[in-house]
Amino acid sequence: MEAISKPVKKKDHDAKMSGRALYVDDHVLEGMLLGRLLHSAKAKARITRITLPELPEGYYVVDKHDVPGINYVHIVQDDTPVFVEDTVEYVGDPILMVVGPELKEVERILTEIVVVYEELVPILDMLKSDTVFFNYNYAKGDIQRALKEADRVFIETFQTGYQEQAYLETQGMLAYPHDGRMTVRGSLQCPYYVHGAVAKALGYEEKDVQIIQDVTGGGFGGKEAFPSILACQTAVAAKKANKPVKVIFERREDMEFTSKRHPSVCTYKVAVKDGEITGMDIDVLFNSGAYTTLSPVVLQRGLICANGVYRLDNLRVVGRAVKTNTVPCGAYRGFGAPQTFFAVEMMMDHLAKEMSLDSLELKQRYMVKQGDATSTGGKYHFHVPLPEMIEQIEELTNYREKRRQYRNQTGRYRKGIGMSMFFHGCGFTGSGERDIIKAVVRIRKNPDDTVEILASNSDIGQGLKTTFSKIVADTLGISLARVLIENPDTDRVPDSGPTVASRSLMTVGGLLRRAAERLKQEWQAGEEQVIEEHFVEPDFVIPFSIAEFKGDAYPTYSWSVNAIEVEVDTLTATTKILGAWGTFDVGVPVDINIILGQMEGGFLQGIGYASMEEMNCNEQGMIRNNSFSDYIIPTALDVPNLVTKIINNPYTHGPYGAKGAGELPLVGAAPAYVEAMENALGVNLNKAPFTPEDTMRVLLGGLN
Amino acid sequence: MVEFILNGQEVVSKAQANQRLLDVLRQEFRITGVKCGCKEGECGACSVILDGKLVNSCLVALGSIEGSTVTTIEGYRETERYAALDKAYASVSAVQCGFCIPGMILASECILAKNPNPTEAEIRAGISGNLCRCTGYNAIVQAISIAAEEGKGLW
């Protein structure tokens, strides 16, 4: 283990452990009002009339008329309204907010508001959508020819469902006007995203808006874009009332109306000639929901890895993110990749069966290696450690032998094992880092020779305060206690970009390392010094063009192999997970405990996505699974035997050899689990999550 | 008026008897270590120890606790047992976003108070009513087991 990997007590441990850490709902300000939104009850309708009850003194109704700036939230394309205009586009669309001193009274007022809708016909099924928000396609080689000359062409469709981030702390925001400015603080990942959005909605100059991240109870992508919406609404209410306003979502509200992982339908057409895979023609469909939010970027990432970790000379990938009258989808750990990795891994598994091979044997034949071209004509510049990772998993699980043993079982209890191999592209997709984000960090040395980190990335539980501090402390050769880091406040920190895309440690951590190296050279004891660093794209990168979908979509990749073993009770259709093993290459861990925590937590979220986390809409477009009673996430009892290993594969351009880590462990759990279910049940399966109800359908002969 | 003992002190609540203990603690007594994750008894973030038992304070009506003893993280953090758990949780970095942690610590206490030498399976069962979305639970299970070992005699 490298010296930097040695674990330390986390910077935020004491405050969180002792219950002293203050989350947004823990703040109470003088004269503060509490707010609650009125959400649309219809999936698509025109609002013809809204009747308000008489408001008691001190209570306000806030809607589109109160937005002083632009009534749209700045995300990527600004089509998400702060408060709806005349039509509603999904069940949950925010119509207005009621604020006042007592929440009970606010709730009473809400129940007395009458909204008259003229109902329109909603589109709830993505396959029936008539609006394509985004479409991209790219190709290499000659797929038409490969398909024409093939001995056999296999066509299959794969489906994945919603996944809810289920952070334990629901969305929450607190806004307060003062001195002609607006401060908004709350549970969020990306202070400068919120900053830009609030300034536009209020029509304020950027200098008159301040955003502060409070201690945040989990994000997982769910607090990337959504907080911008809630912050605009809360700030508009605070502006109107001229008082502090706090809005904390209820769990059901959070589950029904905040962004989730995009459901997908992927169709793979695979050409096989002389026993070789000669091409893949891939069609990817993502359900964007009612507004565009982050769908273009989620779709891009999903498309780039649609061929998995496999080398294919002839490839065509076509993708669309379409509109439906359902809750807008957005960022969730993995960001489009879990959907297509599920599809391609299952496709390879099914192809192997057709070719009378074990899936691992087939996959190994096509695995990429260092120097190979990526799907978009970039290059895998660095070592691809998949072969040794597969052997490590084999050693831990006896995979090959079990896989054989578990074929053709009879009897009540049947076992199965499955394996997946995958990567996660580290950092922003394409040229976003270079052209859009242009990250800046500062470190400030105080006269007492403490050093403060000034960056806009937020610690949302992933340990960033600790890993950032370790990088700076170790580079400067000072104790960790002398490195200071607060939650970001846009009045104090430069824009080092959002806390997303597994970029913070690799990219921003790299800038901090450079800043600390410079400070070390220029160090003057007892003086105040400020060092600033700006993002520079590594020179080996083949520039990415989004217009052509060509080049290095990512500078490097994190790699992983997972195996999951199950035992199905064919009487009750329940499944016990006997073991889940994952080996991960995230470069050098900047702290081994933190990295293991990320891998274990992400892997378990992935197993939830694979096996139990089912969420659907009813015929009216309403999310049915809107509580922890109906949307089941894993408890401590579900996967007792979850084993994670880290392999050492330093990334030469990352700080201390580190690269992206946070998202990787979620990406490949679903195909490993569903392959294991196939192995146990002796059938082909095409959907995730694969729940006990699905198992029951297979056992009754209804599915496949 | 409901009287009970909160973190060792006799207190009187003026809230209505049908109020959730969770809301009374957070709003009337400004006890912010008790977190609200769902208000439906599913997540365990609002766990408190009520007369020696771990309960979801969102499912407890104030009127039912007359004369009872309630311990939250604010009281528990002053104990030696907390110190042992604190050290153990820190050693394996078991705290990520921290929102489940006050409840999880009180759950840890209840496991060890009942059984000072729990098996891994017993620990997992003991925290199974406390959801954590960050850690995958391994580090938390490990921390409780370390605390049991290092804190011998405390429980």
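Q: In this predicted model, how many residues of chain A are in contact with chain B?
A: On the chain A side there are 56, and they touch 45 residues of chain B.

Q: How do I read the size of that interface, and what is the area buried between chain A and chain B?
A: The size of an interface is often given as the accessible area lost when the parts come together. Here, about 3900 Å² is buried between chain A and chain B, with carbon and sulfur atoms giving 52% of that. In chain A, the residues losing the most area to chain B are A:Met17, A:Leu168 and A:Ala636, together 19% of what that side buries.

Q: How many salt bridges are there between chain A and chain B?
A: The count is five. One to look up is A:Asp26 with B:Lys35, where the closest N and O atoms are 2.5 Å apart. Helix 15 (592-611) of chain A is among the helices that each supply at least two residues to the side touching chain B, and its seven residues are the largest share of that side.

Q: Now a sheet: what is the strand order in the open sheet of four strands in chain A?
A: Read it as 21-20-19-22, with mixed pairing. Strands 21 (483-484) and 22 (529-534) of chain A each have a single partner strand, so one side of each is left without a neighbour in the sheet.

Q: In what sense do strand 19 and strand 20 of chain A pair?
A: They're antiparallel, over four bridges.

Q: Which strands of chain A does helix 13 lie across?
A: Helix 13 (residues 464-476) of chain A lies across strands 19, 20 and 21, running at about 135 degrees to strand 20.

Terms used
Residues are numbered from 1 along each chain as its sequence is written. Chains are lettered from A and ligands numbered from 1 in the order in which they are written. This is a predicted model: local features need pLDDT of at least 70, side-chain atom pairs count only at pLDDT 80 or more; totals for chains, interfaces and linings use all residues. Side-chain values use heavy atoms; hydrogens and water are left out. Two strands pair if DSSP finds at least two bridges between them. Contact means heavy atoms within 4.5 Å. Axes are lines fitted to C-alpha atoms, for helices over the stretch in contact, and angles run from 0 to 180 degrees between N-to-C directions. Buried area is the accessible area (1.4 Å probe) that two parts lose on being put together, summed over both. A salt bridge is a side-chain nitrogen of Lys or Arg within 4 Å of a carboxyl oxygen of Asp or Glu.
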